[in-house]
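Biologist: I would like to learn how to read a protein model feature by feature. Could you take me through this one, giving the general idea each time before the case itself?

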Amino acid sequence: MTFLEGFEPTGFELRRAEAGDADLVRRVLCLATGWRDDEPGYELPPGHDAYHEDWGRPDDFGVVVFVGMEFVGGAYARRVGPADGTYGFVDPDLWELSLGVEPAYRRQGLGRLLIEALKARSIEKGISGLSLSVELDNPAGKLYDAARFTIVKERDTDLLMEWRGPSSVH
Ligand SMILES: CC(C)(COP(=O)(O)OP(=O)(O)OC[C@H]1O[C@@H](n2cnc3c(N)ncnc32)[C@H](O)[C@@H]1OP(=O)(O)O)[C@@H](O)C(=O)NCCC(=O)NCCS
């Protein structure tokens, strides 16, 4: 896949998330919501339908990483609105990002790879950028900072962050 050339840590295979990848997208969301758990489960907390329901809408996009046949992580972006009640909503021109890597594969550069791949896809699609929410004590905040996301708002328990690509007119 040309848009990722030069990014791949060795031994992993990265591809775009397709409409048929609803289970993987849901797993990414379980990893993100279960970020405090050593062994994140497969249940989502209530109130998270807007993040993943009907995966495969024309606006949805994402990337997933495998070792052989084994799914090891993914990142995806969805266009949400204020009525969706998601934590990472900034404005309708920014797609909300969700990210997760399976615990056994963390700290090998996959988080960075996934974010850069998603940013590259955003640019390719000509969208304004990405937004997210990260809890204040989640070390993922460092990763977003390194990936040039900036803080929009600091709330009681989380940061609202955004990354604006070259086509943003903000
Ligand atoms: C956040 C997450 C996706 C990072 O994935 P990863 O593959 O471990 O990330 P990388 O290896 O690319 O790490 C890149 C940098 O992020 C920072 N970082 C990532 N995890 C960290 C941790 N647990 N503690 C401290 N720094 C961390 C470091 O600066 C790291 O660089 P380094 O390893 O050279 O020090 C992964 O830890 C994860 O899935 N966590 C649970 C889900 C989650 O929190 N999702 C985000 C919700 S907002």
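This is a predicted model: local features need pLDDT of at least 70, side-chain atom pairs count only at pLDDT 80 or more; totals for chains, interfaces and linings use all residues.

Biologist: In what sense do E6 and E7 pair, and over how many bridges?

Modeller: Strands of a sheet pair through backbone hydrogen bonds, either parallel or antiparallel. The labels refer to DSSP runs numbered from the N terminus, with helices (H or I) of at least four residues and strands (E) of at least two, and two strands count as paired if DSSP finds at least two bridges between them. Here E6 and E7 are antiparallel and share four bridges, and the two strands make a hairpin with three residues between them.

Biologist: In what order do the seven strands form the sheet?

Modeller: The order is E1-E2-E3-E4-E5-E7-E6, in an open sheet with mixed pairing. Its edge strands, each pairing on one side only, are E1 (13-16) and E6 (150-154). From one strand to the next, the twist averages 25°, where axes are lines fitted to C-alpha atoms, for helices over the stretch in contact, and angles run from 0 to 180 degrees between N-to-C directions.

Biologist: Why does E6 lie largely in the open?

Modeller: The general idea is a count: a residue is buried if 20 or more other C-beta atoms, placed from the backbone, lie within 10 Å of its own, exposed if 12 or fewer, and partly exposed in between. E6 lies largely in the open because the number of buried residues among its five is zero.

Biologist: Which helices should I look at beside the sheet?

Modeller: Look at H1, which lies across E2, E3 and E4 and runs at about 80° to E4. H3 packs on the sheet as well, touching E1, E2, E3, E4, E5 and E7, and its direction makes about 40° with that of E3. Touching here means contact, with C-beta atoms, placed from the backbone, within 7 Å. As an example in H3, take Ile-115, which is buried because 24 other C-beta atoms lie within 10 Å. Beyond its neighbours within four places in sequence, Ile-115 is in contact with Ala-75, Leu-99, Leu-143 and Ala-147.

Biologist: Which residues have the most contacts inside the largest nonpolar core?

Modeller: In soluble globular proteins, nonpolar side chains tend to be buried together. A nonpolar core is a set of buried Ala, Val, Leu, Ile, Met, Phe, Trp, Tyr and Cys residues joined through C-beta atoms within 7 Å. The largest one here has 42 residues, and those with the most contacts inside it are Val-28, Val-63, Ala-75, Leu-97, Leu-114, Leu-118 and Leu-130. At least two of its residues come from each of H1 (22-33), E2 (61-67), E3 (70-78), E4 (94-101), H3 (110-125), E5 (129-135) and E7 (158-164), and H1 gives the largest share, seven residues.

Biologist: How many residues surround the ligand, and which are the closest?

Modeller: A residue is near a molecule if its C-beta atom, placed from the backbone, lies within 6 Å of it. There are 20 residues around the ligand, the closest being Trp-35, Arg-106, Gly-111, Pro-139 and Leu-143. H1, E4, H3, E5 and H4 (140-146) each supply at least two residues of this shell.

Note on methods
Residues are numbered from 1 along each chain as its sequence is written. Two residues are in contact if their C-beta atoms, placed from the backbone, lie within 7 Å.
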